[in-house]
Amino acid sequence: MKYDKPLIAAIIGAVSTVPSEALTRLLLLFGIGKYSIYQLDSLLITFNRPTTIIGLIVNFIVGGFVGIVFYYSLEKIGTDYLTIKSASVGALSWVFFELMFTLTVEGEYIDIRPISDYYVHIFGSLVYGITLGLLFKKYLVQMHLT
């Protein structure tokens, strides 16, 4: 059976957003932060009305794209220390999206967020990256990635 590895990478990237959302929701329950990852990303579309469903759609698309880019980058950077590399990818994607969010929405359509929100989202992005790496290791590297 021939596997469509980029499609599997996209699915893994999309699914890896779920644990990060769970962590950010848990932190919100403890009063840390203002928005979960899905709520924050939905603001890129709705500007001032955070909604989980739109955030899920945005995150699945972006997470899938990041998964595909990470999959192809592994051909160049190798699969050793996969979890560390994927956590780095999660952190880099956090930087990119925080920059996009700050330039487009924050301060214009919604109030400036508390600093704790940034910590909530960086931890969520690290969980995304770690989950991405673990799932890649189990489902793609095991299938002889290169």
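Me: What kind of model is it, and what limits apply?

Reply: This is a predicted model, where local features need pLDDT of at least 70, side-chain atom pairs count only at pLDDT 80 or more, and totals for chains, interfaces and linings use all residues. Residues are numbered from 1 along each chain as its sequence is written, and side-chain values use heavy atoms, with hydrogens and water left out.

Me: How many cavities of 30 Å³ or more turn up?

Reply: The search of the whole structure gives 1. On a 1 Å grid over the protein atoms alone, a cavity is a set of points where a 1.4 Å probe fits but cannot get out, and lining residues have an atom within 4 Å of a point.

Me: What is the volume of the largest cavity?

Reply: About 260 Å³. A volume is the space filled by probe spheres set on the grid points, which are joined across faces, edges and corners.

Me: Which residues lie nearest its centre?

Reply: Asp41, Asn59, Ser93, Phe97 and Ser125, out of 19 lining residues. The lining has 9 nonpolar, 8 polar and 2 charged residues. Ala, Val, Leu, Ile, Met, Phe, Trp, Tyr, Cys and Pro count as nonpolar, Asp, Glu, Lys and Arg as charged, and the others, Gly among them, as polar.

Me: Which helix gives the most to that lining?

Reply: α5, with 5 residues. At least two residues each come from α2 (17-29), α3 (37-46), α4 (52-77), α5 (82-104) and α6 (115-141). Helices are DSSP runs (H or I, at least four residues), numbered from the N terminus.

Me: Is α3 mostly enclosed or open?

Reply: Largely enclosed by the rest of the structure, because 9 of its 10 residues are buried (under 20% relative accessible area, 1.4 Å probe, protein chains only). Among the buried residues of α3 are Tyr38, Asp41 and Leu44. The cover over the buried residues of α3 includes α2, α4, α5 and α6. Just after α3, Phe47 has a positive phi of about 70 degrees.

Me: At what angle do α2 and α3 pack?

Reply: About 105 degrees, with their axes 8 Å apart; axes are lines fitted to C-alpha atoms, for helices over the stretch in contact, and angles run from 0 to 180 degrees between N-to-C directions. That makes α2 roughly perpendicular to α3 (65 to 115 degrees). On the α3 side, the contact (heavy atoms within 4.5 Å) is made by Ile37, Tyr38 and Gln39.

Me: Switching to the largest pocket: what lines it?

Reply: Phe65, Val66, Val69, Val89, Leu92, Ser93, Phe96 and Phe97. By class, this pocket lining has 7 nonpolar, 1 polar and no charged residues. The largest pocket holds about 160 Å³ of space; a pocket is an open set of points with protein on both sides within 12 Å along at least five of seven lines.

Me: And Ile112, buried or exposed?

Reply: Ile112 counts as exposed, at 61% relative accessibility (the cut-off is over 50%). Ile112 sits in the loop between α5 and α6. Not counting residues up to four places away in sequence, Ile112 touches Glu106 and Gly107.

Me: Last one: how far apart are the axes of α1 and α2?

Reply: 4 Å, at an angle of about 5 degrees, with α1 covering residues 5-15. α1 and α2 are therefore roughly parallel to each other (under 35 degrees). In this pair, Gly13, Ala14 and Val15 of α1 meet Thr17, Val18 and Pro19 of α2.

Conventions. Parallel < 35°, antiparallel > 145°, perpendicular 65-115°, else oblique.
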